[in-house]
Amino acid sequence: MIRIYHNNRCSKSRATLALLEDRKVEVVNYLENPPDAVDLQRLLKLLGIPARQLLRSGEAVYRELGLADPALDDDALIAAMVAHPILIERPIVVANGKAAIGRPPEAVLAIL
């Protein structure tokens with residue numbers, strides 16, 4: 001099973017989903033059904049990145065919450081993403097016990 005954490009308003013997310021169209025895919029609209037802290041920690045482990053690399057720093061809420069502060073640890077950043085899922089980089093595809101961010105969309109093909 002392939003799962004994509006998707007935002008239909010994002011062109012990269014739509015393009016990534018289109019790459020997966022011939023496969024059985026579970027689409028998770030993460031803005032309506034955001035991952036909890038445990039799910040985000042699991043995704044980060046699969047991605048092999050720290051929480052800061054999953055943050056969308058261009059979002060207004062990023063600046064409003066002062067998330068650029070280097071003193072904030074992963075737990076604080078994960079809590080911010082749980083509370084404000086718009087902060088989560090997209091799309092994230094999970095397949096075969098691995099995960100990839102679809103930027104560029106073709107990056108997810110490596111885990112299929």
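Good morning, colleagues. Please keep in mind throughout that this is a predicted model.

I begin with the overall architecture. The protein chain holds 4 helices and 4 strands. Read from the N terminus, these elements follow the order β-α-β-α-α-α-β-β. The radius of gyration is 14 Å, close to the 13 Å that the globule rule gives for 112 residues, so the chain is as compact as a globular protein of that length. Its C-alpha trace spans about 40 × 25 × 25 Å along the principal axes. Of the 112 residues, 40% count as buried. As for how the chain folds back on itself, among contacts between residues at least 6 apart in sequence, 55% join residues at least 24 apart. The accessible surface comes to about 6100 Å², and 50% of it belongs to carbon and sulfur atoms.

Let me turn to the charged pairs. How many salt bridges are there? The count comes to 4. One of them joins Arg3 and Glu26, whose closest N and O atoms are 3.0 Å apart. Arg3 lies in strand S1, residues 2-6, and Glu26 in strand S2, residues 25-29, so this pair ties together parts that are 23 residues apart in sequence. Both partners are partly exposed: Arg3 has a relative accessible area of 27%, and Glu26 stands at 31%.

Next, please look at Glu89. Arg56 forms a salt bridge with Glu89, with 3.1 Å between the closest N and O atoms. This pair links distant parts of the chain, 33 residues apart: Arg56 sits in the loop between helix H2 (37-47) and helix H3 (60-64), while Glu89 sits in the loop between helix H4 (74-83) and strand S3 (92-95). Are these two residues buried or exposed? Both Arg56 and Glu89 are buried.

Glu89 also forms a salt bridge with Arg103, and here the closest N and O atoms are 2.7 Å apart. Arg103 is partly exposed at 35% relative accessible area. Glu89, at 15%, counts as buried because the limit for that term is under 20%. Arg56, Glu59, Glu89 and Arg103 are linked in a network of salt bridges.

The largest nonpolar core has 23 residues, of which Leu54, Met81, Leu87 and Ile92 touch the most other members. Elements H2, H3, H4, S3 and S4 each give two or more residues to this core. Setting aside residues up to four places away in sequence, Met81 touches Leu40, Ala51, Leu54, Leu55, Leu87 and Ile88. There is also a second, separate core of 8 residues, including Leu20, Ala95, Val108 and Ile111.

Leu109 is placed in the segment after S4 and is partly exposed, at 38% relative accessibility.

Finally, I would point out Asn7, in the loop between S1 and helix H1 (11-19). Asn7 is buried, with a relative accessible area of 5%. Which residues does Asn7 contact, leaving aside its neighbours within four places in sequence? They are Ser13, Tyr30, Leu31, Ile86 and Arg90.

Thank you for your attention.

Technical notes: Residues numbered from 1 in each chain as written. Predicted model: local features only at pLDDT ≥ 70, side-chain atom pairs only at ≥ 80, totals over all residues. Heavy atoms only, no water. Salt bridge = Lys/Arg side-chain N within 4 Å of Asp/Glu carboxyl O. Buried < 20%, exposed > 50% of the residue type's maximum accessible area, 1.4 Å probe, protein only. Core = buried A, V, L, I, M, F, W, Y, C linked by side-chain atoms within 4.5 Å. Contact = heavy atoms within 4.5 Å. Rg over C-alpha atoms; globule rule 2.2 N^0.38 Å. Areas by Shrake-Rupley, 256 points an atom, 1.4 Å probe, with all protein chains shown as cover.
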